[in-house]
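Biologist: I would like to learn how to read a few features of a model. Where do we start?

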Amino acid sequence: MKKHPVSLYCLPLAAALMAGSAFAQKTTVEFWTFNLSPFAPYFEESVKKFNAANPTLEAKWVDMNWDQIQPKLITAMAAGKAPALVNFNVPWTHEFARKGHLQAIDTLSNGSNRAVYLPVALDDLAVNNKVYGFPFYNSVSVIAYNKDLFSKAGIKAQPTTFNEFIAQARQIKEKTGVPAFSPKLATKSGDGGMVRWFMYLGLPVVQNGKAAFNTPEHVKVVESFADLYRSGVIPKDSFRLEYEQEVASYSSGKLAMMTTSSTALKRVEVDNKAMYQKTEVMPFPIAEGKMALGAWLMSYVIPKGYANTEAATKLGLFLTSDERQLAIARFTETMLPSSKKATEDSYFMAGKNSNEPIERARAAAAQSMKYARTPMLPPNALPDEATMMKLFNDQMQMAIEGRKPAQKALADAAADWNRRMAKK
Amino acid sequence: MKPRHTYILVAYLFLGPALILLALFTFLPVGFNTYLAFHEYNISDGSATWLGLENFEYIYHEELFHSALKNSLIYLLIVPIVQIMALVSAKLVNNQLPGMTLVRATIYIPVITAISIAGVVWGFVYKYDGMLNGFFSWLGQHTWLLEAGELIEIDWLGDPDIALYATMAFTCWKGVGYYMVLYLAGLQAIPREVEEAAELDGANAWQRFWKITVPMVKPTILLCTLLSTIAALKAFQEVIVLSKGQADTYTALYYVYDQAFKNFVFGRSAAAGLVVTFFCVLLAIAQFRMFREKD
């Protein structure tokens, strides 16, 4: 039998060991997103590109449901296994930053990388003059409406003010019998409830450490919502209609309008093509708050426990670069970027006169982007936010559903808030 | 014959794996929770500051916690209902009648259905224009209680007077099958001769049920009652999927969750959790006393 030299056996083994050790040296940079699994090809491409450009790092993408991400992050942090980056919205970013659970992103607080992003987006993510997130995608609400119902109701012009919008909504209910819109009163997703409406309408919520919503103007607003509820202009289950249910109601013809982000149209296209074909789109009017309704900036934050900040920053800058933000906007067809160059791309206005409702929605949303501020209470305003918001929302629900006069509900909520804020 | 201490050692060896698991996943978390209840805990650096009874004082004065605890105690109403339904179902499906396997499976299916999926389905059942109101409207119209075209639109999950009970009904539906299986095991352990002897003595079905079945499954009743009491006090998932704690359905465990995962006040959350545990223990003692075998 022919004898092979020892080196012949050893070489492949050594090569394998070297490859193994090179692999072992790679630092895993895990990033979490929520509800973005439908866009897996985009993320897989991002991971591939990042890993190719950074041989010592290995990006790993994990997607989960929005309601899992906070509890999972908390448990991961408590276990000392925080990921490098987590996809957060603005309220969560502020909440976690205030409690010292996030790392400030110094490269964005005063570095040259600031120039990549829209100033309005960086402002949204700033807590005590430090930026705590890499601005990612944004959204604003558009009005997607059922052309047949609008025509039956005899509506021809687009509303230019919120009052006109409400008047049209009443007309729709009166002439067609179908509830006109769902005003996002459900609060589970964090982007609903009366606090947002007060801000959109330019009414204060907290001022000088006190509840500022116990005024005749606020009473008038709550009473008008109560009247919309009583007369069926908004559905009876408005307090439970989250994004998913709103899309489902509109798709099945139980709502004349969908007043949510343009991403919802993608769902309508899949769920009910016929309804999609008879959908027209218009921008949501700007009210006295001078902010676009439904602005909901997403970011990537670095949790406190993650040690390799440099790697996390590298990945954060990559994922939110002009190129990647434009790529996700193009891929999803409905998301809006928060980086300057990407926003200026001709892609966003190209569909203004398209036959596709999604493309018209994108152009309508892009028009509102300059007003895209995420509605936020002053930092640290509520000492027991979960309880205070729960009590406030309960009072608003009682008032709007007609179980309590609006004035009494607002006064009770204000008294409770003031008592708690005074104790802080 | 082996010495007594060898038998004890073997017994502990058999108990060992279970004891280790219990220690790791039950006693340790309960102990840590108790520790947290007296501290202010920071998750980012794991530091804990001694607070004494401050967390308990806070929840003692917190009206929302009182109302949450009240709702959890109201939830206990489902315990006897679930037990009676489960025992009766078990008695029914214990008979050798055609189709009983299908009936057993039907009653058991809710147990293995994920609560999130079941919650979404029941959300449609409970909607104001959902299946339940649709059924009542149809019934009303066909019994001339309602006029043609008139609809019942009860807001099952939005009306604070009924939302909690609607959620409790869901818990009953979800839990009956589980307890039915336990009762079925208990029933099958009753010797057939005992029933036959009673039958020969002229006892009717009702008498046999109360005088033979119930006393003989008493240990199972104790176990099931204990388990369903704990489940009722821990009601949280069904609330979060069905009503999101709105319309006066906020339970004590929802408060625990909110304080930990929304406010990040783990000490206060642990204190509230400890109060719920206290009620569980109290009720368990009462049930052991009620169902214990008389000498």
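Modeller: With helices: helices (H or I, at least four residues) and strands (E, at least two) are DSSP runs, numbered from the N terminus. In chain B, residues 216–236 are 81% helix and 0% strand, with end C-alpha atoms 33 Å apart. Residues 162–185 of chain B are 96% helix and 0% strand, and their end C-alpha atoms lie 35 Å apart. This is a predicted model: local features need pLDDT of at least 70, side-chain atom pairs pLDDT 80 or more, while totals for chains, interfaces and linings use all residues. Residues are numbered from 1 along each chain as its sequence is written, chains are lettered from A and ligands numbered from 1 in the order written, and side-chain values use heavy atoms, without hydrogens or water.

Biologist: Which residues of helix α12 of chain A are buried?

Modeller: Buried means under 20% relative accessible area, with a 1.4 Å probe and protein chains only. In α12 (residues 263–271) of chain A, they are Ala264(A), Leu265(A), Val268(A) and Glu269(A).

Biologist: Why do they line one face of the helix?

Modeller: An α-helix has 3.6 residues a turn, so residues three or four places apart point the same way. Seen down the axis of α12(A), the buried residues fall within an arc of 150 degrees (directions from the helix axis to the C-beta atoms), so they line one face.

Biologist: What do the buried residues of α12(A) pack against?

Modeller: Contact means heavy atoms within 4.5 Å. Their partners in chain A include β7 (141–146), α11 (243–251) and α18 (357–368).

Definitions and conventions:
Buried means under 20% relative accessible area, exposed over 50%, partly exposed in between (1.4 Å probe, protein chains only).
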